Amino acid sequence: MAVVLDPSSSAEETPERHWLDRIGIPKALAWGFLGVLIFMIGDGVESGYLSPYLLDEGMSKERVALLFSVYGVTASVAAWFSGALSDLWGPRRVMMLGLGIWGVFQVVFLVFAVPTVNFWMLLLSYGLRGFGYPLFAYGFLIWVTAVTPKRRLGSAVGWFWFAFTGGLPTLGSLVASFAVPWIGAYSTLWLSLGLVVAGGLIALLMVREPTGRSRLAPAGERPVATLIGSLAIIWRNPRIGTGAVVRAINTAPQFGFLVFLPVFFTDTLGFTLSEWLQLLSAMFATNIFFNLIFGVVGDRIGWQRTVAWFGGVGCAVTTLLLYYGTVSAGDHYALAMVLVSLFGATLAGYVPLSALMPSLDPAHKGQAMSALNLGAGASTFLGPALVGLFLGPLGVQGVMWIFALLYLASAFMTLFLKLPEPVAAGAPGYSSRPGPASRARNESPEA
């Protein structure tokens, strides 16, 4: 696919005078990044203690597991629809919808479901609340990809993931660790609602950038076509489908690790539960900061190259190091800390994928991001499913090799994510007429 470049545009030539633009944060969206951080802190408050809290309130393990499974399904669906709805309504309206859903169903959850421990009310309110955070957060991510110049897009999405993962689960869990002993578990859930509302209002009221206030799809494209296109783009544009698979592989092992690594580290290697939790925290903390680093690296050496080598090959190597290094050293805490941090760092090598995907089809950025988010949602099921299938017959070593080979496969697939070639002025296919192509002219990175 060729993307038309209009020489009359100066968007890429505008000098970046503000320090925020120079570090990769679009100045027009700066308040949005802060809003997403605070929103995700509120969303992440419950991540470390809601399950044991509900167990203490008398719910069975099976029902708690079902509750979180339903939440995961609705969050995955919302992640997919966030792009299509942004194409249709504009990212800001999608963020408003996400904030409204989160707030309304959190109130229902806290006022009616939790005090009575009514399972069906819990399932309905918590499950529907799962639509909230992906619409808000991923709606903003699409806004970022729609307005950021190509030379800074990798850095900008790096800052988005810094805000996203900085809130969920990192700072959210930290807030809970202080709030629960101080005001109690139930009141802390109300605190999370306050943080979410505060973050949402900061982003929606303080960001005045106009692009996100209108639809992103080409003029004349019908709503049904836009919604269907958010799925059809996967086979209509094979590179988008390939990118969705790469995104699914990106975090599938991460979710799989949470199924069996706690037992492996404590029962097999001999770490205490407290030490394992500290190691897990180090993994995510390292990932947060390398989200920024690899965003910048992607802008410098290329998004495709960064994902392939630092993400795919890097994660394959660190996955095997994590297993063989810890097995050789046993409960050597310092070495384990280094190994989990290395995996967290290379996991961030996939960050430029959020810049690469919408650039593969600039006229349908929202649909491309829907495909990316669909891959992200699939990873929450893919990783645990692989563990369930192969942990018994192959053991931990076999599962780690499966994950490493998947990472290598994703590195190979990244070779097919070639960016569209720009069309120079005067060349066949060039047009300076306004339309979707010319609106996207400065948003397609160099091949």
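Valine 117 sits in the loop between α5 (91-116) and α6 (119-129). Its phi is positive, at about 50°, although valine 117 is not a glycine. That is worth a look on screen, since most residues other than glycine have a negative phi. Please keep in mind that this is a predicted model.

**Helix α11 and what follows**

- Helix α11 (238-268) is made of 31 residues. From its first C-alpha to its last, α11 reaches 43 Å, close to the 45 Å expected at 1.5 Å a residue.
- Where does α11 bend? There is a bend of about 50° at phenylalanine 260, and proline 262 follows within four residues.
- After α11 comes glycine 270, which has a positive phi near 95°.

**Helix α12 and what follows**

- Helix α12 covers residues 273-301, which makes 29 residues. At 1.5 Å a residue α12 should span 42 Å, and its end C-alpha atoms lie 40 Å apart, so the two values agree.
- A kink of about 30° is centred on phenylalanine 290 in α12.

**Helix α13 and what follows**

- Helix α13 (residues 303-329) has a bend of about 35° at glycine 314.
- Glycine 330 follows α13, and its phi is positive, near 70°.

**The cavity**

- Rolling a probe the size of a water molecule over the atoms shows where empty space is left.
- How many cavities of 30 Å³ or more are there? The count comes to one, and the largest cavity holds about 40 Å³ of space.
- Its lining is made up of Gln254, Phe257, Leu258, Leu261, Trp276, Leu280, Met283 and Phe284. The elements that give two or more residues to this lining are α11 and α12.

- Threonine 148 is found in the loop between α7 (132-147) and α8 (153-183). Its relative accessibility is 2%, so threonine 148 counts as buried.
- What does the side chain of threonine 148 reach? The backbone oxygen of valine 144 lies 2.7 Å from that side chain.
- Lysine 365 belongs to helix α16 (residues 365-414). Although lysine is one of the residues that count as charged, lysine 365 counts as buried because its relative accessibility is 7%, under the 20% cut-off.
- A polar atom of the lysine 365 side chain lies 2.9 Å from the backbone oxygen of threonine 145.

**Valine 36**

- Helix α2 (residues 30-44) contains valine 36. Valine 36 counts as buried because its relative accessibility is 1%.
- How far apart are the C-alpha atoms of valine 36 and valine 196? They are separated by 8.8 Å, while the two residues are 160 residues apart along the chain.

Technical notes
Residues are numbered from 1 along each chain as its sequence is written. This is a predicted model: local features need pLDDT of at least 70, side-chain atom pairs count only at pLDDT 80 or more; totals for chains, interfaces and linings use all residues. Side-chain values use heavy atoms; hydrogens and water are left out. The expected span of a helix is 1.5 Å times one less than its number of residues. The bend at a residue is the angle between axes fitted to the seven residues ending there and the seven starting there. On a 1 Å grid over the protein atoms alone, a cavity is a set of points where a 1.4 Å probe fits but cannot get out, and a pocket is an open set with protein on both sides within 12 Å along at least five of seven lines; lining residues have an atom within 4 Å of a point. Grid points are joined across faces, edges and corners, and a volume is the space filled by probe spheres set on the points. Buried means under 20% relative accessible area, exposed over 50%, partly exposed in between (1.4 Å probe, protein chains only). A polar contact is a pair of N or O atoms within 3.5 Å; within protein, one must be able to donate a hydrogen and the other to accept it, and residues adjacent in sequence count only if both atoms are side-chain atoms.
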